[in-house]
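Here are my notebook entries from a browse through this structure.

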Amino acid sequence: MKITYCTDVDRSVVLSNFEKRGWVHVGPDDDWNFYWAGIQTCRSLFSIDSGYRMHDNQMINHFPNHYELSRKDMLVKNIKRYRRELEREGSPLAKRLDGKYLYLDFIPVTFVLPADYNLFVEEYRKVGPSTWIMKPVGKSQGTGIFLINKLSKLKKWSREGKNNNFNTSTIKESYVISKYIDNPLLIDGKKFDLRLYVLVTSFRPLKAYLFKSGFCRFCTVKYNTSVADIENLLIHLTNVSLQKQGDEYNSIHGGKLSIQNLRLFLESTRGKTVTEALFDNIVWLIVHSLKSVSYIMANDRHCFECYGYDIIIDDNLKPWLIEVNASPSLTSTTANDRILKYKLIDNMLSVVLPPSGIPDVRWNKCPSREAMGNFELLIDEELAAKDKPGPSTKIDLKDRLKRKT
Amino acid sequence: MEELKDKSLHLTAEKLAEELQKMDIYNEFYEDLQMLAASQDVSIDDFKKTLVQAVNIGSMETNLRNAVFHWLRSHGNNKQIVVRDEITSRESLDYLRKAQITWERRIQKSLESMCEEIGINLSCLRSSADRDEMLQKWNELSTYNTSLERLRPVYAPKDFLEVLFSLHNPNYRMISDDMIWDFTYLPLKVKTLPELRHHYRDLATADLLLGLTCCQCLTTLSCGSTSQGEQERIALGEKVLQHQHAPVCQEFLKLGAPRSLRGKLWAQILGSSVKTSEQHYSELKQRVLHFDMLIDKLITKDVQLTACNDDQYFVFEDVLHQIMLCFTRDTDVLSVFNNSTSHPILTSLKGKPPIEAIYPPNGIIPFHGFTMYAAPVCYLFNDPVPLYYTFRAFYLRYWFRLHVISSHPQSILGLCILFQRLLQRHETKIWSHFMSHNIHPIRVVFKWIMKGFSGHLLPEQLLNLWDMVIAYDSLEVLPLLAVAILSFRKDNLLQVNTLQNVDSVLVDLSSLNVMSLLQLALKGPIKM
């Protein structure tokens, strides 16, 4: 049987992977097995109006309501709710110390504006002088982001943008405002964030994989916290699309350092124990962010999704979840980038496809170790439930609590 | 007999005491001794005995032992069998010495003509505006603006290789000029594979070698936590470091370093951690700020051309600029000329009367890629000071041999010959394949050897390799690895028949595991 694919993106790393597998390109109205779709296409396909029903041998690369995770405001809401629920259940996970969650404090304090404006002001007054970062919820690649360090600035901004009052619900675009991580880990004085790829093949039971070849994205300009430089986003934001515009951008390496090299540097300069703890905390953060939405996601068996996780590490080696992208960039800025992304797609396909290579929703979604390639298993609740001594048990609460104490 | 032995012991002790006074640690050591003498542990009544006792108990004895160890290493460095006079003790082969002198003259001329072309002086005082700018940008020198456009590296590895090819042994009659590249006409003795096996026996026979399994896992999820063997190695390594005995550290390193201990182990073995280094480093900085030299531009250009464009090292560009500039001002580096054939360039400085001065102050003219000797060390230290001194110690002990013409077995010539012998004897198929297509094997690997593989392997693998250089105190591991790599890629190499295609088979070495390749080469499955 020839496998047919359909796509509305024009990314060579994607297409060349399909071609390598000998798949045949067809249009959206033909009988396709595999749809690599943009978010919009996917949304309209799943909408009630379209009336499209997928059959057993079809697969698509997004979950219908991925925005629960990928929209900045939704992510925050879901994580806050998840914590509250755990607390209500009396779960030891939701333990607090001085008001802060001990184990679930992995996103910076965040409010949605305009809705939470009063809450934000209250918090702002409580913590005193501090820097906050404003991001429009619906935009990506660093557009519309700015930093503020005075309440008056926020008020001024809200006046300038036609919306004269934050408390009205007439504002079209909402923002999230987060406490700025002003003590990021620096390497040779430069700030960076991590881009990790997480593949989810099912939310209930949760099955997720982490791609080993993540990378760090560096700012081209030295970090400093001086107020004068608060408007120079080249210092503060790591988005490649933004850094590319800077004079210092280098197109050979594109400001990207492999995560293996980061690990080498950290282990050599900071020690093994703290570095291992950092990476374990990153895994912890990813798993719980996914768990926070696992009951809200429409767990369609035709779907899988690869998320781009943006994480910032502070100088105490604590990781912070900044945001999750449902369609991480597949453009290649450098030669290595191309190899990495080609491999990402290749490994992704081999994880989501059954051994036969033909999409099939009846498959139990348990890829062999070989099929996982550069992915490592983060969590598989089904395997864990069977009480197999598999790697997924590592995420166990008991284990976690033991290590924390 | 006993008496003689006593006497020689006495002489050695005297010599050592004399040498000790010249060393970096002497002041520190002397102060410590004064403190100790004034402490309660030492009584005035039995001064000598109690003082010796106190020295034995504290860390002073360890320091002293380490000092002797480092002294021995740096002086045993260049033992030649026949010592006739001072000059020949450095180089016994006349024609090599002459070739080195000619090469140095060429470099000097090239520098001078570059100055003329661009219209600048070899060195001059830095203008105060420039000094201020530099000082302000000291921690972000990559943004320090200096015009480098018309500058080119003085020479590249392949230029140096041509120089080596042009060496001529007057005692040897060439049958044909075709074979000029295989260096058989040079009477340098190199180790055979069995001899290498003996030298690297710990590496060859080790069951547990750190760095053998190249675990790419990010987390402890899929590969489980650290293996028990590795944990034991780390615990042992910590214990070894506690005792601070350099020779013990060296012994420990023979089976590889845990990442978290590597920096400390290297510094200990190379003797690069000195208390006064902070102050010395800031003196070097002052010297950089004070004078503006052509060499600064050259070194800046080199950092830009190499590390800044390298996806493994670009994050360290600023600190590299800094330490490489300091390096050019470091007159302690001149000690390499005590036991090497080469001489620093002398230029006459303007003034009355004109005086001859060594140029640049450290005597080293960087070639294209010189920065790569320092770049990998950046992974080990967050602070530029220990980073600088470890890089410097490494250079002073090993790297300087890779860009001079000398008959020392560890020199670039010796290593090239070792490579060729190994390849010819143990990878005959590759050798004859290259022969039949007129490919010079040394051209394939020269850049690897000259840069100690820096920039060609992943940092992790490179550090594993450099561990072996320090631990076995020899650069012979470089040609050994070069042969092992060719051997490993044999099937692909045999299918191509131009140098260009050979290079493309070998351009990406990122999948290689150094330790297992070395073990493979030493254990002997290199077949005929």
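How many of the 6 residues of strand β18 (residues 375-380) of chain A are buried? I started there, keeping in mind that this is a predicted model. I found that 6 of the 6 are buried, so β18 of chain A is largely enclosed by the rest of the structure.

Next I looked up a pairing partner. Strand β13 (residues 206-211) of chain A pairs with β18(A) in the antiparallel sense, over 5 bridges.

The peptide bond between A:Arg204 and A:Pro205 is cis, with omega about -5 degrees.

I then turned to another cis bond in chain A. The bond from A:Leu113 to A:Pro114 is cis as well, with omega near 10 degrees. I placed A:Pro114 in the loop between β7 (110-113) and α5 (117-127) of chain A.

Backbone torsions came next. A:Leu317 lies in the loop between β16 (305-313) and β17 (319-325) of chain A. Its relative accessibility is 7%, under the 20% cut-off, so A:Leu317 counts as buried.

In chain B I noted B:Gln244, where phi is near 60 degrees, again positive in a residue other than glycine. B:Gln244 is in the loop between α11 (228-243) and α12 (246-253) of chain B. With a relative accessible area of 35%, B:Gln244 is partly exposed.

Still in chain B, how do helices α14 (residues 277-290) and α16 (residues 317-329) pack? I read an angle of about 85 degrees, with the axes 8 Å apart. The two helices of chain B are therefore roughly perpendicular to each other. On the α14(B) side I listed B:Tyr281, B:Leu284, B:Lys285, B:Arg287 and B:Val288 as making the contact, and on the α16(B) side B:Gln322, B:Ile323, B:Leu325, B:Cys326 and B:Arg329. By class, that contact has 6 nonpolar, 1 polar and 3 charged residues.

Last, I went to the record for chain A. An unreviewed UniProt entry carries the annotation "domain: ATP-grasp" over residues 310-353 of chain A. I checked that span in the model: its end C-alpha atoms lie 26 Å apart, and the span is 41% helix and 25% strand.

Definitions and conventions: Residues numbered from 1 in each chain as written. Chains lettered and ligands numbered in written order. Predicted model: local features only at pLDDT ≥ 70, side-chain atom pairs only at ≥ 80, totals over all residues. Heavy atoms only, no water. Axes fitted to C-alpha atoms, helices over the stretch in contact; angles between N-to-C directions. Helix = DSSP H or I, 4+ residues; strand = E, 2+ residues; numbered from the N terminus. Parallel < 35°, antiparallel > 145°, perpendicular 65-115°, else oblique. Contact = heavy atoms within 4.5 Å. Nonpolar A, V, L, I, M, F, W, Y, C, P; charged D, E, K, R; others polar. UniProt positions renumbered as here; feature names shortened; annotations may be inferred. Buried < 20%, exposed > 50% of the residue type's maximum accessible area, 1.4 Å probe, protein only. Pairing = 2+ DSSP bridges.
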